[in-house]
Amino acid sequence: MSGSPVRRQVQGLDGLRGLAALYVVLFHCWLYTFPGYPDSSAPRWLDGLMFGRLAVVFFLVLSGFSLAISPARRGWRSEGFAEYLRRRAWRILPPYWAALCMSLIIAWFVVPASHSGPPTGGSVLVYGLLGQDVFTAPTPNGAFWSIAVEAELYVVFPLLLFVRRRTGAAVLVGLVTLPVVVHGLMAPGGTPVEGENWLTPHLAPVFVAGMVGAGIVAASDRVRRLPWGWFAVLAAVPVLALGVIQGSLWTLTHYFWVDLAVAPAMTMLIAAVATGRPAVLVRLLTARPLRILGEFSYSLYLIHLPIVLAVIRRVAPHFVSPGLPAFWFTLVLALPVSLFAAWLFSRLFELPFKRNRSWRSIVGETRSARSARPVVTVRAPGTKPSEDSSRDSPAR
């Protein structure tokens with residue numbers, strides 16, 4: 001749905017997406033520089049960089065919100081299921097598959113992406129078919145786990161819309177969230193041990209929270225004028241206070257509950273931006289730098305980690321010592337390289353699929369761009385500009 005008129009009317013969402021992607025890059029610079037996660041050896045003043053998981057949760061809330069904007073304006077009715085899936089695949093898969101090829105090459109020939117060693121043939125099959133949330137294989141890119149979660153949520157999105165239209169927001173939230181809460185309460189110690197996959201059922205409630213929040217775009221003026229920004233602050237304060245009291249290590253090992261607790265605050269923040277308040281935040285998010293960052297945020301998320309790992313494990317050891325010097329070295333080198341590479345990557349593999357809805361359209365756009373290039377005519381020495389040198393001159 002990216003690029004549709006309805007999406008463009010909601011200002012600031014791309015800026016939010018860009019900031020979340022940038023935070024994930026900083027998180028991975030921190031994560032792979034200082035060993036021992038979750039009990040990291042990093043200085044305490046860098047603890048603010050350790051919550052990359054929450055940035056991914058924010059992505060899922062924002063994804064549910066963005067996808068539901070258009071249906072919310074149509075009475076929560078979706079377009080045809082087949083057409084919807086085709087558009088989602090067209091938007092998501094080409095950049096993902098290109099990033100997968102890049103990640104495989106780097107993991108095979110530069111630096112492995114995980115402790116389980118280089119990717120295998122099974123990795124190509126599992127990650128190529130977006131099956132990494134169901135099947136386990138050596139990863140070519142540690143950031144790819146969330147792409148499979150999103151893909152699975154995309155498939156059930158029309159069903160979630162149907163439930164929302166027929167039963168209402170409260171019933172939808174309850175149907176999706178209650179089984180997750182029961183599962184968590186029945187786990188030993190009250191917190192399930194999280195594995196590397198099967199995360200979609202757990203994260204479905206945060207996606208649904210974003211869907212429900214999208215109702216703000218079709219709400220009455222009275223509802224839209226409510227102080228959603230302050231509601232977001234009030235919803236976030238208990239979660240932040242608990243994290244401060246219990247400590248960052250407790251927060252990292254209780255993401256199962258933290259994800260659910262923080263989703264309402266994230267939803268209300270997005271709702272506040274969608275209604276244009278606070279105005280200063282919306283102006284910041286729609287400023288040109290953040291708007292551009294948001295345009296290639298998906299590409300940045302897809303390709304940054306292999307670059308960060310290559311800098312940390314192959315380049316930094318030749319110039320700086322481990323620890324804080326390696327962290328600063330990584331920030332100075334890997335961050336700008338990742339940003340530039342993602343911008344270039346998006347020009348090749350993402351933006352063409354956002355601007356066009358078919359291969360024929362992409363081919364036509366490419367041909368139009370080529371035909372629009374000016375023809376430079378080089379005149380032979382002594383030829384006057386008014387003469388027709390195209391017939392006489394050997395060089396054009």
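Leaving out neighbours within four places in sequence, Thr-275 contacts Ile-216, Arg-224 and Trp-228, where contact means heavy atoms within 4.5 Å. The model is predicted, so local features need pLDDT of at least 70 and side-chain atom pairs count only at pLDDT 80 or more, while totals for chains, interfaces and linings use all residues. Residues are numbered from 1 along each chain as its sequence is written, and side-chain values use heavy atoms, with hydrogens and water left out.

Thr-275 sits in the loop between helix H12 (255-274) and helix H13 (279-285); helices (H or I, at least four residues) are DSSP runs numbered from the N terminus. Thr-275 counts as buried because its relative accessibility is 13%, buried being under 20% relative accessible area with a 1.4 Å probe and protein chains only.

Another cis peptide bond links Tyr-37 to Pro-38, with omega about 5 degrees. Pro-38 belongs to the loop between helix H2 (13-33) and helix H3 (52-73).

Trp-76, in the loop between H3 and helix H4 (81-109), is not a glycine but has a positive phi of about 65 degrees. Trp-76 is buried at 9% relative accessible area. Leu-130, likewise not a glycine, has a positive phi of about 55 degrees. Leu-130 lies in the loop between H5 and helix H6 (145-167) and is buried at 15%.

Gly-128 is part of helix H5 (residues 121-128). Gly-128 is 27 residues from Cys-101 in sequence, with 9.3 Å between their C-alpha atoms.

Technical notes
Helix = DSSP H or I, 4+ residues; strand = E, 2+ residues; numbered from the N terminus. Buried < 20%, exposed > 50% of the residue type's maximum accessible area, 1.4 Å probe, protein only.
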